[in-house]
Amino acid sequence: MSSVIVIGEALVDVVDRPEGRSEHPGGSPMNVAVGLARLGRPARLVCALGDDDRGAAVRAHVEASGVRVDATAVPRTSTAVATIAADGGASYDFDLDWRIDPVDVPEGTPLVHVGSIGAVLQPGAATVLDAVRARPAGTLLSLDPNVRPSITPDRDAVLATLEPLLAEADVVKCSDEDAAWLWPDRDVDAVLDGLLAAGATLAAVTLGGSGCAIASRGARRRIAAPAVTVADTIGAGDSFMAGLLAAVLATETAPTALDEDDLGRLAALALACAAVTVSRPGADPPTTDELPAEVRPVATP
């Protein structure tokens, strides 16, 4: 089975809780790569890491889930200090070094996933776009903007950087918070309309504890989230993304032909993955065995 290629930041989440500080490997693209691998889909993570203890911790974490690491050497491994609020929500303060070597996407790669800081922060964002545009015909592209206004506060500049990626992307997912920041004049349905008009064949907006809205060119649904006790929300959107992509890669239906039943099946897996992740501390996506049997993906070559 050919590997999915995930391009973007890998870093260390430094988590401040009332009971103290802890460190865990993190970064949205890294979490997606781990999530895919734990669901049985081989993944290669293209990132930037320092030759330091934190970089070694990131490598050990992703390789333990079977992810292949392809890292550009940088002076230090990036960090995100996450402060956890009483409701489990997280706010972040970043220290980043984002630059990567040119990325080779081999023939037969089923999907390239990009997003978050790695898709918009220069100089690495330019390399990401080059890789996207040079990917082989037939290789799907997925995008999760996962915006971080504290790092890239100029919305117009972020949109200008995202627009060529949106034009290339087959699958796009964003959170309701992302959508409100990027397109404050649009409701959820208008956001889905815009993503499909830009070029996506499958678009989803996550709605926190309310589930998600998901749309193809011919169908649209809102799906409720499973009931769960929330430990924190770190990595929830990334687990949703990994589950959605695993479901897309396992389906025999072309993205352009997805109907309401297909959308329900895709969303059920994505939401189940997110539910497991929010039920335990940190970005800890589930393995296939941790999911309800009825939503588990069936891997295809």
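This is a predicted model: local features need pLDDT of at least 70, side-chain atom pairs count only at pLDDT 80 or more; totals for chains, interfaces and linings use all residues.
Visitor: Why are strand E5 and strand E13 called edge strands?

Guide: The open sheet has nine strands, in the order E5-E4-E1-E8-E9-E10-E11-E12-E13, with mixed pairing. Strand E5 (68-74) and strand E13 (220-223) each pair on one side only, and these are the edge strands. Neighbouring strands of this sheet are turned by 15 degrees against each other on average, direction ignored.

Visitor: How do you know that E2 and E3 are paired?

Guide: Strand E2 (residues 11-17) and strand E3 (residues 20-26) run antiparallel and are joined by seven bridges, where at least two are needed, so the pairing holds. Asp13, for instance, has His24 in E3 as its bridge partner, and a hairpin of two residues links E2 to E3.

Visitor: Which residues have the most contacts inside the largest nonpolar core?

Guide: They are Leu45, Leu202 and Leu244, in a core of 51 residues, to which helix H9 (residues 260-278) gives the largest share, ten residues. Apart from this core lies another, of 49 residues, including Trp181 and Leu207.

Visitor: What does Leu45 touch?

Guide: With residues up to four places away in sequence left out, Leu45 touches, among others, Val6, Met30, Val62 and Val69, where a contact means heavy atoms within 4.5 Å.

Technical notes
Residues are numbered from 1 along each chain as its sequence is written. Side-chain values use heavy atoms; hydrogens and water are left out. A nonpolar core is a set of buried Ala, Val, Leu, Ile, Met, Phe, Trp, Tyr and Cys residues joined through side-chain atoms within 4.5 Å. Buried means under 20% relative accessible area, exposed over 50%, partly exposed in between (1.4 Å probe, protein chains only). Helices (H or I, at least four residues) and strands (E, at least two) are DSSP runs, numbered from the N terminus. Axes are lines fitted to C-alpha atoms, for helices over the stretch in contact, and angles run from 0 to 180 degrees between N-to-C directions.
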